[in-house]
Amino acid sequence: MDTITLTVKKVPEIYLECESLNPDTFAGKTGDQIAKLPAYQGKEMSTLGEYFTISGNAGATAAETKIIVNGDCSKMKYIGAKMTAGEIVVNSDCDMYTGSWMSGGKLLVKGNVHSFCGLALKGGEFIIEGNAGNYLGAAYRGDWRGMSGGVLRVKGNAGSDVATFMTGGEMIIEGNVDIHLGTHMEGGKIVLKGNANRRVGGQLVKGEIYVFGKINVMMPGYKKTGEVDLEVDGTKARFTEYIGDLGERHPKRKGETVYGKLYMKK
Amino acid sequence: MPKEVTDVICPFCGTLCDDICITVSDDNKTILGVKNACAIGAEKFNHQRLPGRVKRPRMRQADGTYKEITYDEAIDWTAKMLVKSRKTLMYGWASTSCQAMSIGHEIAEKTGCIVDNCATVCHGSSLIAIEDVGVPSCTLGEIKNRADRVIFWGCNPAHAHPRHMSRYSIFPRGFFTVKGHKGRKIYCVDCRYTDTAKCADEFIQIQQGYDYELLNAFRTAARGEALPDTVGGVPKEKIYEVVEDLKSARFGIIFFGMGLTHTMGRNHNIDIAICLTRDMNDFTKFAIMAMRGHWNVTGSGQVLGWQYGFPYAVDLSRRDQARHQTGETTSVDLLNRNEVEACFYIATDPGAHFPVDAMISSSKKPTVTVDPHINCTTEISDIHIPVAMVGVETGGCAYRMDNVPIETRKVVDPPEGVLTDEELLTKINQRVDELLAKGGA
Amino acid sequence: MSEYIIKNGHVFDPVQGIKGDKKDIAIKDGKIVDKVGSSAKTIDAKGKTVMAGALDIHAHVAGPKVNAGRWYRPEDKHFDSHKVPGITRIEGGKSIPTVFKTGYAYARMGFTFVMEAAMPPMYARHVHEEIHDTPIIDEAALPVFGNNWFILEYLKNQEIENTAAYIAWILRQTKGYGVKVVNPGGTEAWAWGLNCLTIHDPVPYFDITPSEIVTGLMKANEYLGLPHSMHIHQNDLGNPGNYTVTLDTLKLAEGIKPKNNFGREQVMHSTHLQFHSYGGDSFANIDSKAKEVMDYVNKNKNITMDTGNVTLDETTTMTADGPFEHHLHALNHLKWFNVDVELETGAGVVPYIYSPNVSVNAIQWAIGLELALFAKDPMRCFITTDHPNAGPFTRYPRVYSWLMSKKVRDERLNTFKNADKVIGATYLAEIDREITLYELAQMTRAGPAKALGLGKDYGGLAPGMNADIAIYNIDPDKFPSTGADIEKAFANVAYLFKDGKICVEEGKIVDMGNKHTFWVDAKVKENKQVMHDIREKFLKYYSVNENNYPVPESYAPHQHILTVDAVQ
């Protein structure tokens, strides 16, 4: 694996759109070529080289490329967006769209991320060591196809509208979330180690949500069906099982209705 | 001899009444009387003649006072601002014509602006919900002619759309509704007993912030499933009772407003209300409609829709693509995050309506405000450019809350020398072209 | 004005019966002429195909439901919005292009006229605002009548003259082109949540059947002598077994004679027939009835039709067949937009993914192609995708590749996930026919122009006709052999002339030309009854005033008006 390191040398005044910053766009390019890749602030087209000092070269393919980003990226958007392979480590906070539409590879942010990150995640591993904003792992506006694969782990808290329209994959939030977790979910698995404010699993068609902490207000459409012993993300515990959202449609399999499942740790 | 202008369209709220009668002075300069309009609409027409109209552009001086400048000077300053700024917020549009909007969009595309309209602080939540789940709706005449169950959820037309109830939703006798309001059952769901609730047959008081949960309970009840004892302060027996009644309707309609768009969850509240409406269509005929506030915010959504494919928060800042992400490309977020370098406001008053922090951010950027009057925004702008009042002093197309397009009329002449939005924007567009040709795009 | 001479091109013109001969085409002052002077600019069309500009007789490109489809589907523009360097605006939208992309994309493919398939009269202003903003191409719009209260009441009493007077009034108010009928009676029933699924199901309250509505509207259309025939989207769209309703509806045209001064020879245009040619009784055993339907169409010369080809894309369905959209939503659970329009009509929008892995979709795909391949008279069978319902219009080149090359379509057919099932349920595998360039010109130029009553000036290359000309990089002697090459050739013209001006060169827009809004002004004698009924309905039932209903001139700054004198 070839490692290329980008270090912020200039913080953008308004936000920098870094659609070029990912292993796929870097693959096969030298550091100098990468410095010339476009980056935008509004209508002003600039280059990555204007904002980052770059050392090293990319690998021949995305899979052979590791990118390390140092410095203040809190005003950089689209880092790691659409990546299909390779690795990125960002030693800073990131702005919006970090890791969105990712379908493979590994993305690690050692800091916080803003909103709209991990949108429609298809595959790969996306780890956020800090907090995430809103719409983490959600679908793009209007799209009924949200996160469908891969693993997204947030060590801190996430905001609201997390995992809307999720259809697959696994999301683990080790901290708390605000409102609207897993709205319109149609598949996949969410593990919430902390607390949720309200509206967990609203309009959920199918999928599983595991909550270790508390939910301030339960959705009326969830009905308790019993208790189970489970091992979830390395923790063995007893959970109260709920089915829902009973206000929503559900698929049938062999004549039986397949409900969504909400598990609350006792 | 004064003359009567009939079939005038009121340019105030989304009800877009088109039966207003205005008496105009002989010389076409003064409105003398207004018939059929509600108090708000009448005031919109009547205040046209009040003294103190701003007739020429004003530019803020270093000491905070304003000095009169010419239209050409204002246009030149504006064009230079737009050409220089890397990302400009172009916000408003809800009180001007579609024809004007079209010209504004050309400017936005050339100079790299984000075009946003008043939905961003109003029914944007509804638009987000419709983007996610669609919407079963109808024109207002369908309510008049068919509806026998009307639900006002989180809206107060008695105050905000005063003639709505008499023209469309409660009182009219229509083709299949010859008994008028006696043939309709009216529900009002609100956290407080409003003047609209006074016109309802049944008032359901909901605990503030529990609309999503209550709507979920309605949907659960409609599917015959179990419920907790109360949801949002409403006992489950009442929920089952109301749902059964709605299922027995011939044609039901839900009207909703800020009670859903601006309480916890925002778009999700409308989303689930739409899903409830959709569910009800399995039993009978049901529709849902947003009580759009401004008389042409819907029009802005339509023009942005057919030109760029999105109803608001349209990011044209890259000039070669149109993007949309509410929460990123919406005005308040852009201002709060200091993501724009200049502001252009037209046909709106964000100074009165936006969160204070957003306006503090706005006040630090070069700002041009286009408005017939002095308002909260003009007083923190670098330039205020007055224009004719659309729907009063100049005409143009508008879209009603049910998306029906109606052409507003010119009733009187604007004050001497005052440009219309269309004329002003055309001149700004030309000046932008000249500057771009000189300096290169 | 400019003079051009297009030299050495292979001309395909059904109007003059030219089947690929090398012929020069001369242009002067926006018209095709016999010859031009020496100062004329030469366009070298050697090794290229020359046809008239194409006409799309049925597409949903402008209006309230189209726009609802646009703005409620931001994902349709996601990663699909761009601006080509040059004089064009930002273009976007895969299945529902923005108005700018609509104009440019049609022009790049060699189209010069598009008919907006359904205009709700109350929203006519919106349709015209969008038509106004759509660059280059000429457009017209068809107001819908099949669920209109005036029509239902007049036809219940068989008042053809009143029906005709009302139609004429609507055409003038809305700047409309003709008589469109969508799910007759069914969309009014849908305002109560019901439908009419056969031609004999009565409309609730109005107590009139689709059969009576369709017959009455055909008679009124001929009474007026309109340029286009009645244009119908039949009842029971999309349901297995619906071909019987289709045949019942087509039969209603028997015995009705065309009457007009525009050269039109048919009385019924049956649209997107693919959706109406299904056998079987469920989606599990749905099969093709394209042969049965086309047997009837071939024998009955007073019908034209268009195909409605499925393109196997993610697209957006939108139609004034409101109940169908609710039904589709129940099937695929995707977001459903609906609007019922007082006294007039309704509409619905639902996204849909036609997948090659779903045998029903593959069968639909085959049926659309079979309709064209079974057609004996290409002058009566036109190629469409009912854009965007069966697929985006930008896929026309792909549809042509399937029709013009058995090899290309068999490749597609044999690689379906359930190919055996699809082949077993359809006729396509047995059909060898390949549509020729001449037949394509009939099906996309001369045929639709004639059906629209525009055959005198459009759809052909005879001197005197309008200089709307498309030149393709296709050498008929070396016709491209792969699907990709056929598509590429039809997707970007070498030249597009519109009204004698070059608007597209090598796929690039170079001039916006002079677009026109076409509409039909039918003059009838004064009808006091109808005017009274109009006044009364506006006072009592409409939610707008009568004086605010008509579309003003400013919305169509350049009008092409066809005048009809029906004063008798």
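Residues are numbered from 1 along each chain as its sequence is written, while chains are lettered from A and ligands numbered from 1 in the order in which they are written. Because the model is predicted, local features need pLDDT of at least 70 and side-chain atom pairs count only at pLDDT 80 or more, whereas totals for chains, interfaces and linings use all residues; side-chain values use heavy atoms, with hydrogens and water left out.

Contact (heavy atoms within 4.5 Å) involves 63 residues of chain B and 51 residues of chain C. The buried area (the accessible area, with a 1.4 Å probe, that two parts lose on being put together, summed over both) is about 5,000 Å² for this pair, and carbon and sulfur atoms give 54% of that area. On the chain B side, the residues losing the most area to chain C are B:Phe175, B:Lys285 and B:Trp306, which together account for 15% of what that side buries.

Three salt bridges (a side-chain nitrogen of Lys or Arg within 4 Å of a carboxyl oxygen of Asp or Glu) are counted between chain B and chain C. In a salt bridge between B:Arg146 and C:Glu188, the N to O distance is 2.9 Å. Polar contacts are pairs of N or O atoms within 3.5 Å; within protein, one atom must be able to donate a hydrogen and the other to accept it, and residues adjacent in sequence count only if both atoms are side-chain atoms. Between chain B and chain C, 39 residue pairs are in polar contact, both residues being at pLDDT 80 or more. Several elements of chain B each supply at least two residues to the side touching chain C, including helix H3 (98-111), strand S8 (134-138) and helix H13 (297-308). Helices (H or I, at least four residues) and strands (E, at least two) are DSSP runs, numbered from the N terminus. By class, that side of chain B has 24 nonpolar, 17 polar and 22 charged residues. In this scheme Ala, Val, Leu, Ile, Met, Phe, Trp, Tyr, Cys and Pro count as nonpolar, Asp, Glu, Lys and Arg as charged, and the others, Gly among them, as polar.

Strand S8 of chain B also reaches across to chain C, where five bridges join S8(B) to strand S16 (residues 336-341) in a parallel arrangement. Two strands pair if DSSP finds at least two bridges between them. Within this pairing, B:Val135 has C:Phe337 as its bridge partner.

The interface of chain A and chain C takes nine residues from chain A and 11 residues from chain C. About 880 Å² is buried there, with carbon and sulfur atoms giving 68%. A:Tyr140, A:Trp144 and A:Arg249 supply 54% of the area that chain A buries against chain C, more than any other three residues. One salt bridge is found across this interface, and the side chains of A:Arg145 and C:Glu314 meet in a salt bridge at 2.7 Å, N to O. The side of chain A that touches chain C has three nonpolar, one polar and five charged residues.

Over all chains, the structure holds 86 salt bridges.

In chain B, nine strands form an open sheet with mixed pairing, in the order S5-S4-S20-S19-S18-S6-S7-S16-S17. Its edge strands, S5 (66-68) and S17 (323-324), each pair on one side only.

Most residues other than glycine have a negative phi, and most peptide bonds are trans. A cis peptide bond joins C:His387 and C:Pro388, with omega about -5 degrees. Another cis bond runs from A:Gly244 to A:Asp245, with omega near -15 degrees. C:Asp29, although not a glycine, has a positive phi of about 50 degrees, and lies in the loop between strand S2 (18-28) and strand S3 (31-33) of chain C.
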